[in-house]
Amino acid sequence: MSKRLTTQEALIFVMVMASAVDNAMNDKELGRIGQLIDILPIFDGFDKERLIEVSRRCADILAGPEGLDIALEVVRDTVPPRSYDTAYALAVEIMAVDLSIRPEEIRLLQMLRDRLKLDKLTCAAIERGAVARYRAT
């Protein structure tokens with residue numbers, strides 16, 4: 001990669017990977033990415049006009065040999081350790097939008113958890129929170 005990513009760009013990579021892992025980036029997931037960028041403090045100052053550019057950069061990496069591994073390494077090396085749980089939470093949030101989690105999405109979460117060395121209890125709490133947020137009455 002020619003230019004080092006910012007933390008915000010790396011977190012967008014996480015959301016793009018979460019949306020793309022099942023080969024079905026849908027409008028709900030893409031809309032949620034935009035909403036999260038608008039409302040979360042970690043994205044303060046991010047120029048939303050750059051979202052497509054950053055998403056394409058991620059897609060280019062994913063399309064290459066060992067793309068997923070490289071993208072996960074980039075995320076690990078760019079996001080500060082104190083925000084690893086935020087990265088995981090963003091992935092879960094994007095996956096939860098369509099109210100179903102596919103096996104390939106679960107595998108990505110496992111890979112992200114392992115790469116970021118997150119403990120299972122933290123991950124379970126994040127996942128449980130998403131279940132509660134998206135539960136219908």
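Student: OK, where is Val75 found?

Tutor: Val75 is in helix 4. Helices here are DSSP runs of H or I with at least four residues, numbered from the N terminus. Before we go on, keep in mind that this is a predicted model, where local features need pLDDT of at least 70 and side-chain atom pairs count only at pLDDT 80 or more, while totals for chains, interfaces and linings use all residues. Residues are numbered from 1 along each chain as its sequence is written, and side-chain values use heavy atoms, with hydrogens and water left out.

Student: Noted. Is Val75 buried or exposed?

Tutor: Val75 is buried, at a relative accessible area of 0%. The cut-offs are under 20% for buried, over 50% for exposed and partly exposed in between, with a 1.4 Å probe and protein chains only.

Student: And what is Val75 in contact with, leaving aside neighbours within four places in sequence?

Tutor: Ala10, Phe13, Val14 and Met17 are in contact with Val75 once those neighbours are set aside. Contact means heavy atoms within 4.5 Å.

Student: How far apart are the C-alpha atoms of Val75 and Ile106?

Tutor: They are separated by 18 Å, and the two residues are 31 apart along the chain.

Student: Switching to helix packing. At what angle do helix 1 and helix 2 pack?

Tutor: About 165°, with the axes 10 Å apart; helix 1 covers residues 7-20 and helix 2 covers residues 27-39. The axes are lines fitted to C-alpha atoms, for helices over the stretch in contact, and the angles run from 0 to 180 degrees between N-to-C directions. Helix 1 and helix 2 are therefore roughly antiparallel to each other. For the naming, under 35 degrees is roughly parallel, over 145 roughly antiparallel, 65 to 115 roughly perpendicular, and the rest oblique.

Student: Is the crossing of helix 1 and helix 2 left-handed or right-handed?

Tutor: Right-handed. A crossing is right-handed if the near helix is turned clockwise from the far one by less than a right angle, and left-handed if anticlockwise.

Student: Which residues meet there, between helix 1 and helix 2?

Tutor: From helix 1 you get Ile12, Met15, Val16 and Ser19, and from helix 2 Glu29, Leu30, Ile33, Leu36 and Ile37. By class, the residues of that contact are 7 nonpolar, 1 polar and 1 charged. In this scheme Ala, Val, Leu, Ile, Met, Phe, Trp, Tyr, Cys and Pro are nonpolar, Asp, Glu, Lys and Arg are charged, and the others, Gly among them, are polar.

Student: What about helix 2 and helix 5, at what angle do they pack?

Tutor: About 140°, with the axes 9 Å apart, helix 5 being residues 84-96. That makes helix 2 oblique to helix 5. Their crossing is right-handed.

Student: Which residues of helix 2 and helix 5 meet?

Tutor: Glu29, Arg32, Ile33 and Leu36 in helix 2 meet Leu90, Glu93 and Ile94 in helix 5. That contact has 4 nonpolar, no polar and 3 charged residues.

Student: On to the loops. Where is Glu66, and what is its phi?

Tutor: Glu66 is in the loop between helix 3 (51-63) and helix 4 (67-78). Its phi is near 55°, a positive value in a residue other than glycine. Most residues other than glycine have a negative phi. Glu66 counts as exposed, at 63% relative accessibility.

Student: And Lys117, where is that?

Tutor: Lys117 is in the loop between helix 6 (103-116) and helix 7 (120-134). Lys117 also has a positive phi, about 55°, although it is not a glycine. At 72% relative accessibility, Lys117 is exposed.

Conventions. Helix = DSSP H or I, 4+ residues; strand = E, 2+ residues; numbered from the N terminus.
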